[in-house]
Amino acid sequence: MSSTKTRRKIVPAAAENGDTADKQDQLLLSASICNGEDLGPFVRKAFASGKPETLLHLLKNFAKSKESEIEDVCRSHYQDFIMAVDDLRSLLSDVDSLKSSLSDSNSRLQNVAVPLLDSLDSFVEAKNKCSNISLAINSLSTCVNVTELCSRANFHLSKNNFYMALKCLDSIENNFQDKTPSSTLKRMLEKQIPAIRVHIERKVSKEFGDWLVEIRVVSRNLGQLAIGQASAARQREEELRIKQRQAEEQSRLSLRDCVYALEEEDGDEIDGIVDGSNGGNGISGFDLTPLYRAYHVHQTLGLEDKFRQYYFENRKLQLTSDFQVSSMTPFLESHQTFFAQIAGFFIVEDRVLRTGGGLITKMEVENLWDTAVSKMCSVLEDQFSRMQTANHLLLIKDYVSLLGVTLRRFGYPIDALLDVLSKHRDKYHELLLSDCRKQIADALSADKFEQMYMKKEYEYSMNVLSFQLQTSNIMPAFPYIAPFSSMVPDCCRIVRSFVEDSVSFMSYGGQLEFYDVVKKYLDRLLTEVLDAALLKLINGSISAVTQAMQMAANMAVFERACDFLFRHAALLSGIPLRIAERGRRQFPLTKARDAAEDTLSGLLKQKVDGFMSLIENVNWMADDPPQGENEYVNEVIIFLETLVSTAQQILPAQVLKRVLEDVLSHISEMIVGALLGESVKKFSINAIIGIDVDIKLLESFAENQTPLLSEADANQLKSALIESRQMVNLLTSNHPENFLNPVIRERNYNALDYRKVVSISEKLRDQSERLFSSFGTRGAKQNPKKKSLDMLIKRLKEVN
């Protein structure tokens, strides 16, 4: 081996001054050759200058200069070369011996290794076959697994178990599709798997579309059922409230042996609508399985957002179509279907929100509800504005309130709906008042001013007990003749229906306390409608005493009926009676009552006037006091006694007392009027004594009414004759000048008008009777009483 030495670069020495250019070129060429550099530039320069001979000459000189160096090198390495040759010859002999040894070893190895190599070849061949068989088995196993998954996918497809079919497809794609050794099977999978997915998507979408169609009918039935159950629950609440009121009344009246029991209410039946046994979805047909299956399948297909958007848009379109109000069908007939459809829609959406796993969000449901509330409010505003029948408006209001109760239990706010109902409260009551005005007018026009004749107990219960018009708790014997005519129970039924309708409209409308509103409209009905109708009837249709008496009796019964009606309104409004009685107002039918009594009094006065006309037959200038009463007073007393015996059968004592008081006051005025009238020019004291007897008979009649009236009322009845009594007392007094004394006048003659006293006293002064014989004579000794009376007349004229 020879070592390679690094060639040392030779740098040409700098040319001394005076060297020629050729010498310089020779040095450069020599340095380049020594350094192993490229001589191309020198050659190109020589040919370019046209002097290649010079270059050739330089090369030859360089070769000659190197020959001596070569000789020196060869001479210095020759001994080493000779030694190396000797070493090589020694090595060659060793190599020959090694070669022979290797040949012998190879021969022996060949003899031993050939059988082993044959066995190895057989082993390698067998191993390759085994590997191929294992590969084939694995490939077949993969194909078998793929085939089994495909078979299972087909089975699930045939059973419409789309989710399981998709899971099989996912397993094939994730675990086997890339590893399938069969290209044919692989191509089949690549082609069929997307097709199956598309088929499943279409199939599920069709089922979902069918479900969307079916759920509309289901929603309507569901809404009707939910609202029906809310109505039943309301009815149970009303029954419990009635029982509670009865218990409170019994407790307030301190009745003994009261039994109190708590009743358990049924469970949440509205929740039972959607939590039934049919797949957890309640009523038959309310099945969300197609929806959830479609959603699950689309989740598996990676189309979750698309399906959610599709579902929301379709349900929104369905809700929009539910808002359509048919112009061919009256809203009164279609409102239940309209609201039930919307109620069912949101019951379904509440169920989907709670169990759909994010299929729809709470915000989306709230947006749909806001849209629905806005539309329902708009429809109600429009329909209410068109309605002119109170009962129609009440029916729709009741159903809307039930809708509100139903949906509020599912968490939907209903304040806007309640606001619409409250907004039309006044219109409803105005329509109700209008209806009642017509009904009351019909009831009054049909009345014959005859006492009601009741043959059976149910008639008594229907016409008397139901309005608490009885004066005794003892059931009367039948047949029973009531003190009132048919107008009383007929009007009570109308007013009671008004109260119940008013309470029904105000109930469940968002107001907890509405008695004041109901009471306000009840007052209006009684004062503006019933009172006005009664007043019109009294002023236009009553011409007989019997009619007027029956009407006055009716008004007394109406007073008890009004008390019942206000209590009934309080009970229906949930207000304790003790609170309602605190704000009790005066009798609302005062105008009609006063008019009835005035009419009865006026007719009686007309009758009395006929009897009082007999006062003209009185001997006003009698010489002797009469032995008894005058004829006219007998007729009047007979009439009054007949009147009392008849009137006490139907008129309450206080009404009879007021009527008799008015009649007696009229009689008193007639007596004074007769003394004051032009027909009596003068009268004697004996005539006044006769009048005094007449007045005493009338006063005795008043006192005899004590069994019917209280003693105080009888005295008050007697005081109705005070003007005539005081006038007679003054005329028969021995000291008539006492009339001038303010204290005595206020105590004994306060009912007298001094002008009447003057006129009547002057007629007595002209009397030529012995007691007053000196009235017209001069110079004669005057009677002290005459003198006193003259002074009285003179002083009264001075006052005038």
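Glutamine 468 lies in the loop between helix 14 and strand 2. In this predicted model, its phi is near 55 degrees, a positive value in a residue other than glycine. Glutamine 468 counts as partly exposed, at 38% relative accessibility. The loop between helix 14 (457-463) and strand 2 (480-481) also holds proline 479. The peptide bond that leads from phenylalanine 478 into proline 479 is cis. Its omega is near 5 degrees.

A positive phi also occurs at phenylalanine 449, where the value is near 55 degrees. This residue, too, is not a glycine. Phenylalanine 449 sits in the loop that runs between helix 13 (425-446) and strand 1 (453-454). With a relative accessibility of 13%, phenylalanine 449 counts as buried, whereas glutamine 468 is partly exposed at 38%. Glycine 357 provides a further case, with a positive phi of about 65 degrees.

Helix 9 itself spans residues 331-355, a run of 25 residues. The distance from its first C-alpha to its last is 35 Å. This is close to the 36 Å expected at 1.5 Å a residue. Helix 9 is mostly covered, with 18 of its 25 residues buried.

The protein chain has 800 residues, and buried residues make up 40% of them. Its accessible surface comes to about 44900 Å². Carbon and sulfur atoms account for 51% of that surface. Contacts in the chain were also sorted by sequence separation. Among those between residues at least 6 apart in sequence, 77% join residues at least 24 apart.

Helix 21 (residues 653-676) and helix 22 (residues 685-703) have axes that come within 12 Å. The axes cross at roughly 180 degrees. The two helices are therefore roughly antiparallel to each other, because the crossing angle is over 145 degrees. From helix 21, the residues that meet helix 22 are Leu660, Leu664, Ile667, Ile671 and Leu675. Their counterparts in helix 22 are Ile688, Ile691, Ile695, Leu698, Phe701 and Ala702.

Ile691 also takes part in a contact with asparagine 630. Asparagine 630 is found in the loop between helix 19 (590-612) and helix 20 (631-647). Its relative accessible area is 14%, so asparagine 630 is buried. Beyond its neighbours within four places in sequence, asparagine 630 is in contact with Val618, Gly690, Ile691 and Asp694.

Cysteine pairing was searched across the whole structure, and 0 disulfides were found. For cysteine 491, the closest cysteine sulfur belongs to cysteine 492. The two sulfur atoms are 7.2 Å apart, which is too far for a bond. A disulfide would need the sulfur atoms to lie within 2.5 Å. Cysteine 491 is buried, with a relative accessible area of 1%. Cysteine 377 is buried as well, with a relative accessible area of 12%.

Key
Residues are numbered from 1 along each chain as its sequence is written. This is a predicted model: local features need pLDDT of at least 70, side-chain atom pairs count only at pLDDT 80 or more; totals for chains, interfaces and linings use all residues. Side-chain values use heavy atoms; hydrogens and water are left out. Buried means under 20% relative accessible area, exposed over 50%, partly exposed in between (1.4 Å probe, protein chains only). Helices (H or I, at least four residues) and strands (E, at least two) are DSSP runs, numbered from the N terminus. The expected span of a helix is 1.5 Å times one less than its number of residues. Contact means heavy atoms within 4.5 Å. Accessible areas come from the Shrake-Rupley method with a 1.4 Å probe; for residues, only the protein chains shown count as cover. Axes are lines fitted to C-alpha atoms, for helices over the stretch in contact, and angles run from 0 to 180 degrees between N-to-C directions. Angles under 35 degrees count as roughly parallel, over 145 as roughly antiparallel, 65 to 115 as roughly perpendicular and the rest as oblique.
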